[in-house]
Amino acid sequence: MATTQPTAADLSAVEKRLARPLSLNFRAAQGTYNKVESSDLAGNDPAQLEAVSAGLALCEAALVQVERDAIFSPNELLEDINTNDLKYLLLPMYRGELLLRLVDQSKRAETLREALKCLRGFLADLARLDGLAPEANEGWELYSTGALTPADVRNGKIARMKAGKAAKLQMEALATKLGRSRADDEDDEDDDVDELEREQLTLLMQCCSHTTLDSIRAASQELEMLT
């Protein structure tokens, strides 16, 4: 994307973010994304735009750190990734969704292309890792081959909505279990906590993949209208 020349203050802010732990940048990026997603503010509200910009900066810093620290290996599957690292797979999705919330119409086509790159990359990563849920995997395969029909779109959306509701209920139950397990200081509970956290992250990625498929379709259609 075309950008203005960064100022000394901009570069200093980037350096400060990159000096922080990756886990801290991720938590801040995720928290900002969730804040934007749940906000009732209009898309062009200054406070909303400020949050979007902050979230993008955090995502971009964390993505640089993930690549710099070689968090993921090209030959691993989802089951091979440490539980503590799984969450970083969500960063491209967060960045793509936040990009879609930018409102500068003079750069809209560029923004949509960059957002689509992030969103498609997120699903491609999960597909490569064998980490897509069946309903998301089917939708991604149809989209990737260009064989998506209106009936496929409708049926896929219904299937993802049902799966998403079930996943959210499971996540709520897991959150309760995690709270109890973390309150227990006994060492033999560590494995249980790791297993619960892993299951929770897997369900979160499943929900995010559903959101991503819908966003890709909407962004692609908008881009077609602009070009």
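In the predicted model, Lys 87 lies over the face of Tyr 88, at 4.8 Å from the ring centre. Tyr 88 is itself buried, with a relative accessibility of 7%. The residue is placed in the loop between helix 4 (83-86) and helix 5 (91-99).

Three aromatic pairs are present in the structure. In one of them, the ring centres of Phe 26 and Tyr 88 are 5.6 Å apart and the ring planes meet at 85°, so the arrangement is edge-to-face. This pair joins distant parts of the chain, since Phe 26 belongs to helix 2 (residues 22-38) and is separated from Tyr 88 by 62 residues. Phe 26 has a relative accessibility of 2% and therefore counts as buried. A tilted pair is formed by Phe 26 with Tyr 94, with 6.2 Å from centre to centre and 35° between the planes. Here too, distant parts of the chain are linked: Phe 26 lies in helix 2 and Tyr 94 in helix 5, 68 residues apart. Tyr 94 is buried, its relative accessible area being 1%. Ring pairs connect Phe 26, Tyr 33, Tyr 88 and Tyr 94 into a cluster.

The cysteines were examined next. The structure contains zero disulfides. For Cys 118, the closest cysteine sulfur is that of Cys 59, at 8.7 Å, which is too far for a bond; a disulfide requires the two sulfur atoms to be within 2.5 Å. Cys 118 is buried, at 9% relative accessibility. For Cys 208, the closest cysteine sulfur belongs to Cys 207 and lies 6.9 Å away, so this distance is likewise too far for a bond. Cys 208 also counts as buried because its relative accessibility is 7%, under the 20% cut-off.

Ser 209 is located in helix 9 (residues 190-226). With a relative accessibility of 1%, Ser 209 is classed as buried. The side chain of Ser 209 reaches the backbone oxygen of Gln 206, at a distance of 2.6 Å. When residues up to four places away in sequence are not counted, Ser 209 touches Phe 122, Leu 123, Leu 126, Leu 132 and Ala 136.

Conventions. Residues numbered from 1 in each chain as written. Predicted model: local features only at pLDDT ≥ 70, side-chain atom pairs only at ≥ 80, totals over all residues. Heavy atoms only, no water. Buried < 20%, exposed > 50% of the residue type's maximum accessible area, 1.4 Å probe, protein only. Helix = DSSP H or I, 4+ residues; strand = E, 2+ residues; numbered from the N terminus. Polar contact = N/O pair within 3.5 Å; in protein donor to acceptor, adjacent residues only side chain to side chain. Contact = heavy atoms within 4.5 Å. Phe/Tyr/Trp six-rings, centres within 6.5 Å; stacked < 30°, edge-to-face > 60°. Lys NZ or Arg CZ within 6 Å of the ring centre and 35° of its normal.
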